[in-house]
Amino acid sequence: MREIRPIEWANGTLRLLDQTRLPSEEVIVEAHGYLDAIHAIKTMRVRGAPAIGVTAAYAVAMAARDLDTSDKTVFMERLEAAGVEIKAARPTAVNLMWAVDRMVGIANAETDKSKIKDRLVEAAISIEKDDEAINRRMGSHGIELMPDGGSVLTHCNAGALATAAYGTAVGVIRAGWEDGKRFKVFNTETRPFLQGARLTAWEFKKLGIPSTLVVDSAAGMLMRRGEIGCVITGADRIAANGDTANKIGTYTLAVLAKENGIPFYVAAPTSTVDMSLSDGDQIEIEERASSEVTEFRGVPVAPDGVEALNPGFDVTPARYVSAIITEAGVARPPFLESLDLAVRSTGY
Ligand code: MRU
């Protein structure tokens, strides 16, 4: 199987697999400058915390390339201003802020002015490459948590499409299958943007891993009937204490899992851990347009003029999380210590 890679850097252009058009069409959109990249993030053509981070890194590289000043101070001021715009594209996924800060830091540290632009392109390429390697490491750490027999449920899309390649939660499921384990896979539809139905089901088909699509609200009933062995999701931001922000509906799944005695796992790179936040209440939750709830691809699914609320994410308190799989290994509670160790060991 050809690896799914939603982001490609080719001749100074960022080529993105348009995730709003999947699964019906595989269309590439091009970002020629950092404003195009911001637009692609805002409109969810590229989405998923690590993929947003990689896109942001290329956005900073493009912003730098298109600046024409020979004065390093002015250059840095303008680059930092572009960085602020890029960070504002979506508020919850910390990988976006992480990637911009890292890129701006690299530009700042480069003493040879003539090398900054090339150095930033190299840095973005290495963030992209590292992401795949990190996901593969996460996958191999997570194999021990995947059952042989039984079943796994995942939510939203934490697959290759949400990363540079391989995926986080879907990467762990994939690593389990590649290791020869066999288990049933359920994936939720993920209202309202349908990342599960449109994207995760598409990925599982490409991977040759049989999966069963369920509406989000079927999860509790399936758990109660004993049909779910464990739940695994990705994360957009994890506070130092292990509180985890992820796609809306994750909290519901975690509470239901605990009620039914089912382990709840999170798979995320250490760049998703925000050690500056002591708990999840400090995580900004994105509010998206109400039209995502009242319409589907422009077709109304609710009465005209109805009010709708559309929080994109929720926070699962750490007490519902059985383990967090990072590229550094499997972190267990108390997360304050285990995440600190993981983050220190990767240097992120
Ligand atoms: O709104 P989205 O589609 O960007 O939300 C994505 C998620 O919530 C994912 O679970 C998370 O980013 C982890 S992706 C590896």
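In the predicted model, a salt bridge joins the side chains of Glu26 and Lys206, with an N to O distance of 3.2 Å. Glu26 is located in the loop between strand E2 (13-17) and strand E3 (28-31), whereas Lys206 belongs to helix H7 (residues 195-207), so the pair ties together parts that are 180 residues apart in sequence. Lys206 is partly exposed, at 36% relative accessibility. The total number of salt bridges in the model is 20.

A second salt bridge connects the side chains of Glu3 and Arg136, again described by an N to O distance of 3.2 Å. This pair also links distant parts of the chain: Glu3 falls in the segment before strand E1 (7-10), and Arg136 in helix H5 (residues 116-142), 133 residues apart. Both partners are partly exposed, Glu3 with a relative accessible area of 21% and Arg136 with a relative accessibility of 33%. Because Arg136 and Glu132 are four residues apart in helix H5, about one helical turn separates them. Glu132, at 14% relative accessible area, is buried. These pairings form part of a network of salt bridges that links Glu3, Arg5, Glu132, Arg136, Arg174 and Glu178. In general, side chains of opposite charge can pair when their charged atoms come close.

Arg174, a member of this network, is also one of the buried residues of helix H6. Nine of the ten residues of helix H6 (residues 169-178) are buried, so the helix is largely enclosed by the rest of the structure. The buried residues are Ala169, Val170, Gly171, Val172, Ile173, Arg174, Ala175, Gly176 and Trp177. Just after H6, Gly180 adopts a positive phi of about 100°.

For Arg47, a polar side-chain atom lies 2.6 Å from an oxygen atom of the ligand. For Arg90, an N or O atom of the side chain is 2.8 Å from a ligand oxygen atom, and a distance of 2.8 Å likewise separates a ligand oxygen atom from an N or O atom in the side chain of Lys247. The ligand taken alone exposes 410 Å², and the protein buries 100% of that area.

Arg237 is placed in strand E8 (residues 237-239). With a relative accessibility of 9%, Arg237 falls under the 20% limit and therefore counts as buried. The side chain of Arg237 makes a polar contact of 2.8 Å with the side chain of Asp274, and also reaches the backbone oxygen of Pro91 at 3.2 Å. When neighbours within four places in sequence are set aside, the residues in contact with Arg237 are Pro91, Thr92, Val94, Met97, Asp243, Thr244, Ala245, Thr272, Asp274, Leu277 and Ile283.

Nonpolar side chains tend to be buried together in soluble globular proteins. In this model, the largest nonpolar core comprises 48 residues, of which Ile7, Leu14, Leu79, Ile86, Met103 and Leu120 touch the most other members. Two or more residues are given to this core by each of E1, E2, helix H1 (34-42), helix H2 (49-65), helix H3 (72-87), helix H4 (94-109) and H5. The greatest contribution comes from H2, with 13 residues. For Leu120, the contacts beyond its neighbours within four places in sequence are with Ala61, Ala64, Leu79, Met103, Ile106 and Ala107. Another core, of 26 residues, lies apart from the largest one and includes Ala219, Met223, Val273 and Val321.

Elsewhere in the chain, Ser291 is found in helix H10 (residues 291-294). At 33% relative accessibility, Ser291 is partly exposed. The C-alpha atom of Ser291 is separated by 39 Å from that of Pro147, and the two residues are 144 residues apart along the chain.

Note on methods
Residues numbered from 1 in each chain as written. Predicted model: local features only at pLDDT ≥ 70, side-chain atom pairs only at ≥ 80, totals over all residues. Heavy atoms only, no water. Buried < 20%, exposed > 50% of the residue type's maximum accessible area, 1.4 Å probe, protein only. Polar contact = N/O pair within 3.5 Å; in protein donor to acceptor, adjacent residues only side chain to side chain. Contact = heavy atoms within 4.5 Å. Salt bridge = Lys/Arg side-chain N within 4 Å of Asp/Glu carboxyl O. Areas by Shrake-Rupley, 256 points an atom, 1.4 Å probe, with all protein chains shown as cover. Core = buried A, V, L, I, M, F, W, Y, C linked by side-chain atoms within 4.5 Å.
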